[in-house]
Every structure is written in C-alpha cells, then in structure tokens.
Amino acid sequence: MPRPRPDLLSLPEVAGGGLLDRRLFLRRGLALATAAAAVDTQAADELPWLHTPGAPFTPYGQPSPHERLTARRIGANRAVAGNGVSFTPLEELEGIITPNGLHFERHHNGVPQIDPARHRLVVHGIVRQPLSFDVKSLLRYPMRSQMLFIECGGNSNAGWHGEPIQRSAGSVHGLLSCAEWTGVPLSILLDEAGVDVGASWVIAEGADAGAMNMSIPLAKMRDDCLIGLYQNGERLRPENGYPMRLIVPGWEGVLHVKWLQRLEVTDQPVMSRNETSKYTELQPSGKARQFTFTMDCKSLITSPSHGQTLPRPDVYQLSGLAWSGHGRIRRVEVSADGGKSWADAALESPALPRCLTRFRIPWRWDGKPAVLKSRATDERGNLQPERAALVAERGRAGYFHYNAIVAWAVEDDGLVTHTY
Ligand SMILES: Nc1nc2c(c(=O)[nH]1)N[C@H]1C(S)=C(S)[C@@H](COP(=O)(O)O)O[C@H]1N2
Ligand SMILES: [Mo]
C-alpha cells in the first residue's frame, strides 16, 4: 500500500490523531493529490467528443447524466399521501448553496399545482386596511436578497435513537438546505396595511390542501422576514412554495410557510396542529417546550462521512458545514481522537449570519481507527453540545431540535460509519 509522501509525513500535528494546521491549504504547495499522470497515455482518437460536434442548445440545463446519483433521498409517508420528506444529499455537494433541484422538501399535503394568475395573498386582522396581492403586484415591490439556510425542526432526529443510525450524512441531516432568497420585506406590507395597537402575532397560512398554518411573533415578522419569490435567482420551485413563501431567517423550517395565501395579524397564536401536537418537545420533567423558534448552533463533517471509504493512509481534506439560527458561525473545531483534543478548522468566507458556513482542515490519517467530530460556536457564544449532554438535558422523547456533535468512526480498512 502506498504511504503518504515524505513531505506530508513531516508536517506537525496541531491536535491528536493527525489534525494539521488549517492554514496549510492557503499556502502554496500542499497538493494533497498527485496528478494521475503527467502525460495521459489514453489515445485522443478514443475520445468521441474530440471528433464529433456537441449537442445543441437547451432551453433549461440539466446536470450531467454521469451525476444522476446526486439526488434527493425520498422518505415518503406511505400512510398519508403527500406527507413526507426528501433529503438534500449534503455529502455530494460542495460550497454552501443548495441547487434548487436538490433543496430538501417537507410537505404535509403534497405539492399544490398553483396557477400564479389565480393565487392571492391576503393581509388582514388587526390592521387598518386589509390588503390583497396578486403575484404581479408583489413583484413590483422593493425586494431584498439574502443567503439563508432552512432547516426542519425534525432534522437529525435519528440522533435521539439508542443506536447510531447507519445512513449517509444527507439522509439523516439533510432536512437542511441553503439558498439565496429574494423577496419583499414583510415590514413593507405590514406598514401598508397599518398594524393596530394590541397586535403581537401573525398567523401565516398556505394554499395547500389542509391549509397549513403557523403563528409567528409580529416583532420577528417586522424585523427580517420576507415574502420569498426567487430562489437562487429563479422563481421558486413548486416544491419550495411557488409562487410565494414565507422566509423566517434562522427559525424552524415549519414557520417558512409555503404557497403563502393569508397573513392574519392577531393578539395571540392560533395553536395550530404544528405548534401544539407537533413541533413541540416533551421534556424529562413531563412539560413540553413550545414555540422553540430558533435553530440551534450545529455542524457536521460531510467529507469524509458515513458510507465513504478512505482508500489509504494519507493526508485528507476534512470538510463540512456549520450553521446557527442565532447569527454567524464564529468558530468550528475538529477532533480526530473522539473529542480528546480539538483544532480550529478554517472557515470559508463569507461567514454570513443564519447561512451555512463551509469549514475545512487537513488531516493525516495513519491507517488506525479514528473518530472524527466537529463542534461549532456561534457569535452569541452558543457551543454545539456533545450528545450525552443534550440527552441529559432534554431526554429522548423530544424528537425535534437535535443539534448534538456528530461522530464518524474511521475503521482500519478506511470505512466510515456513524458512532456515538
Ligand atoms: N403550506 C405549507 N408550508 C410548509 C410545509 C407544508 O407542508 N405546507 N412544510 C413546512 C416544513 S415542516 C418545513 S421543514 C419547510 C420545508 O421547506 P422546503 O420543502 O422548501 O424545504 O416548509 C414548511 N412550510
Ligand atoms: Mo419541518
């Protein structure tokens, strides 16, 4: 078996288990891979694309057919038609933006096929002037763009299981995506409607069958919420709320009401199904947490991760994602010895608030079993907890808001599995 190059063997460790200085990637000369061969021996006349004209233009591009395995994994609820999830394949992607066709999905009643010409958004309740907007009129309002993650409150819920689930990173933690959302700040519409004194909540309702609804504090709506109309530059996908959805930066996915058709300004929450029987968390005391809006500080190594195999002892680039609904990610530390020692990973800029942040660190694997972990700290000082601490605090009946440190075990044959 080939050994790491001597220049890589001599690099000093910054933490146990072979973690190397994060700045090595910034310097010239740390080429981890060696080019396949300086001169390719493959004869050029065997490559048909060098000899025949290429395919014609297409009105809307598609991924290469060689990348068809980069796809959402669907977890449909067979008992209830239209209910279920599909997961973003986090381990297949790089950078921080989720392509629109791979944004995760969570529908309680399937994807309504909405004709934008017949869709209306009504703003009413404790307002001086109730308003009704069609899509065309909303498109003429001033807009704002922001890169933001959306994470379902039920993301990573398999972490509560007694045994570590053996599935790819994306199919456990991929109810998480990140896009540039463009839309109309809600404060503009609320000002136009003229919110009256006494109002403190807004009830948002979707136009899917069942009209899913959620209550959101008026202060948050005024502060930074958007009526999202564009997703990564193009109009929303039907799965993600076409023609318009609520964007609630940093807060639980379920509040980002899709296919938005009604905003009712009120003085109390509506106590809908998804804020009472669901998306609440039973604690060891017997009391349930309710209105747990903000998504906590969290991170995950995506490469390497479950199901991947390291081909040989060598220097690898560990890479992953960190995020927090409380603001910016300030720090990500990585451990290669199961949490005994930690080293700072490099954060890729820009590290935006309530947006995914990519981290990287070089790691020299010596071929012995290792346990890889990452832990994030946000600008408010929130530190991602160890699993034991989270379970001690919240018990295991809560289901939602699991944000504990994720551990990957690397066996001596290079196979990566999930461990606690
Ligand atoms: N109208 C409506 N809005 C909805 C839902 C829904 O089923 N109906 N699902 C919610 C949940 S639970 C989540 S996590 C997010 C998922 O958004 P996405 O499917 O665009 O990823 O949408 C929320 N908005
Ligand atoms: Mo969700």
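This is a predicted model: local features need pLDDT of at least 70, side-chain atom pairs count only at pLDDT 80 or more; totals for chains, interfaces and linings use all residues.
The secondary structure of the chain comprises six helices and 26 strands. With a radius of gyration of 24 Å, close to the 22 Å that the globule rule gives for 420 residues, the chain is as compact as a globular protein of that length. The C-alpha trace extends over about 75 × 65 × 45 Å along its principal axes, and 51% of the 420 residues count as buried. Among the contacts in the chain with a separation of 6 or more, 72% are accounted for by residues 24 or more positions apart.

The largest nonpolar core contains 52 residues, and the members that touch the most others are Leu-121, Leu-138, Met-221, Ile-227, Leu-246, Leu-260 and Leu-263. Helix H4, spanning residues 186-193, gives the most to this core, contributing four residues. When residues up to four places away in sequence are not counted, Met-221 touches Leu-186, Ser-187, Leu-190, Val-202, Ile-216, Leu-246 and Leu-263. Another core, of 37 residues, lies apart from the largest one and includes Met-295, Leu-318, Trp-365 and Ala-376.

For Phe-104 the approach involves the backbone, one N or O atom of which lies 2.6 Å from an oxygen atom of ligand 1. For His-108, by contrast, an N or O atom of the side chain is 2.7 Å from an oxygen atom of the ligand, and a polar side-chain atom of Arg-245 lies 2.8 Å from an oxygen atom of ligand 1. Of the 530 Å² of accessible area that ligand 1 has on its own, the protein covers 100%.

His-306 is located in the loop between strand E18 (298-303) and strand E19 (314-323). Its relative accessible area is 17%, and the residue is therefore classed as buried, the cut-off being under 20%. The side chain of His-306 forms a polar contact of 3.2 Å with the side chain of Gln-166. Leaving aside neighbours within four places in sequence, the residues in contact with His-306 are Gln-166, Arg-167, Ser-168, Trp-408, Val-416, Thr-417 and His-418.

Several features of the backbone were also examined. Most peptide bonds are trans, and most residues other than glycine have a negative phi. The peptide bond from Tyr-242 to Pro-243 is cis, with omega near 5°, and Pro-243 is found in the loop between strand E13 (234-235) and strand E14 (245-247). A cis peptide bond also joins Ser-349 to Pro-350, with omega near 0°, where Pro-350 is found in the loop between strand E22 (346-347) and strand E23 (357-365).

Positive phi values occur at Trp-259, where phi is near 50°, and at Met-271, where phi is about 60° although the residue is not a glycine. Trp-259 is placed in the loop between E14 and strand E15 (260-266), whereas Met-271 lies in the loop between E15 and strand E16 (281-282). Trp-259 has a relative accessibility of 1% and so counts as buried. Met-271, at 42% relative accessibility, counts as partly exposed.

Notes:
Residues are numbered from 1 along each chain as its sequence is written. Chains are lettered from A and ligands numbered from 1 in the order in which they are written. Side-chain values use heavy atoms; hydrogens and water are left out. A nonpolar core is a set of buried Ala, Val, Leu, Ile, Met, Phe, Trp, Tyr and Cys residues joined through side-chain atoms within 4.5 Å. Buried means under 20% relative accessible area, exposed over 50%, partly exposed in between (1.4 Å probe, protein chains only). Helices (H or I, at least four residues) and strands (E, at least two) are DSSP runs, numbered from the N terminus. Contact means heavy atoms within 4.5 Å. A polar contact is a pair of N or O atoms within 3.5 Å; within protein, one must be able to donate a hydrogen and the other to accept it, and residues adjacent in sequence count only if both atoms are side-chain atoms. Accessible areas come from the Shrake-Rupley method with a 1.4 Å probe; for residues, only the protein chains shown count as cover. The radius of gyration is taken over C-alpha atoms; the globule rule is 2.2 Å times the number of residues to the power 0.38.
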